[in-house]
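Subject: Structure handover

Hi,

Here is the structure you asked for. My notes follow below it.

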Amino acid sequence: EGLSSRGPGIRGRALYLDEQSEAFNGLGELSNARRQYKLALEYFGSSISLTPQWDTPWTNKGAAYEGLGNSATAQVCYQRAIDLSVTNFTAYKKLADLYRRMGKGDEALNVYRSALRVDPSNVEMCYGLADIYEKKGDHAHALEAFESILKYAPDDPMGYLRMGQLYLRNSEYDQAISYFEQAAQIDARYAEAHNGLGEAFQAKGMLKEARGAYEKAVASDSLFTLPLRHLGFLSIAQGNEAEGLRYFLRAAALGDIDATIFLRSRRINEK
């Protein structure tokens, strides 16, 4: 009887500590949201003291230190969270993002690679890899990262869009068109995919197709100013300056700085 009565008591105390820890962690998260970072650190410290093997308050503690501008200690907290739980992908992302803001691209790459060794299908980590490789101008490795995204998220139009943009930047227009078209097939109102098609068609000298794609982009998202500017330049290049200026005026009215600068260069008051 003694043993059976002690068991539930021990389990009950553990449950109580867990609940208390969750409460402190929740208060810390609320404080973080209010930018009360010093108070948040106190709450996270209390949570960790009750359940030292729980990774979540370590992740949140790292965010609080970031809020205070203490990047070095934030790194330690994020790494501690990862050490406690190798599937804490939030901590991986926060640590990689911190490294990227610090200009430490290689360290961020290592974090993403570590995460992908745990779960190769984590698309968010693949996007992180791709972003860094693109910034470094490493076309081959960026391509590999996007191929992983398409493998594990074949219905994600953004993956096809980003692949198309990669090929477009490398002047491989037919490949770019193929991926932009696949993005648009998945989401017919994906304005960025239609704009990408317009840019690729225009680069190939297919101006009629480019105009049609830009118009679809505008129809899909009336606040997307980039295709409006493209239509403006295209119209002017084709000798229809009045139409081109109307497109620029629409873009400027939506707050497009480049359109405003262009109009001012023509001494046109966008107001």
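Which residues have the most contacts inside the largest nonpolar core? They are Tyr92, Tyr112, Met125, Leu129, Phe146 and Met163, in a core of 74 residues. Helix α7 (residues 123-136) gives the largest share of this core, eight residues.

First, the ground rules. This is a predicted model: local features need pLDDT of at least 70, side-chain atom pairs count only at pLDDT 80 or more, and totals for chains, interfaces and linings use all residues. Residues are numbered from 1 along each chain as its sequence is written, and side-chain values use heavy atoms, with hydrogens and water left out.

A nonpolar core here is a set of buried Ala, Val, Leu, Ile, Met, Phe, Trp, Tyr and Cys residues joined through side-chain atoms within 4.5 Å. Buried means under 20% relative accessible area (1.4 Å probe, protein chains only). Helices are DSSP runs (H or I, at least four residues), numbered from the N terminus.

Now Met125. Beyond its neighbours within four places in sequence, it contacts Phe89, Tyr92, Lys93, Tyr112, Ala115 and Leu116. Contact means heavy atoms within 4.5 Å.

Next, the helix pair. α5 (residues 89-101) and α7 pack at about 15 degrees, axes 11 Å apart. So α5 is roughly parallel to α7 (angles under 35 degrees). Axes are lines fitted to C-alpha atoms over the stretch in contact, and angles run from 0 to 180 degrees between N-to-C directions. Phe89, Tyr92, Lys93 and Arg100 in α5 meet Glu124, Met125, Gly128, Asp131 and Ile132 in α7.

Last, the cysteines. Cys77 is buried at 2% relative accessible area, and Cys126 is buried at 3%.

Best wishes

Conventions:
Buried means under 20% relative accessible area, exposed over 50%, partly exposed in between (1.4 Å probe, protein chains only). Helices (H or I, at least four residues) and strands (E, at least two) are DSSP runs, numbered from the N terminus. Angles under 35 degrees count as roughly parallel, over 145 as roughly antiparallel, 65 to 115 as roughly perpendicular and the rest as oblique.
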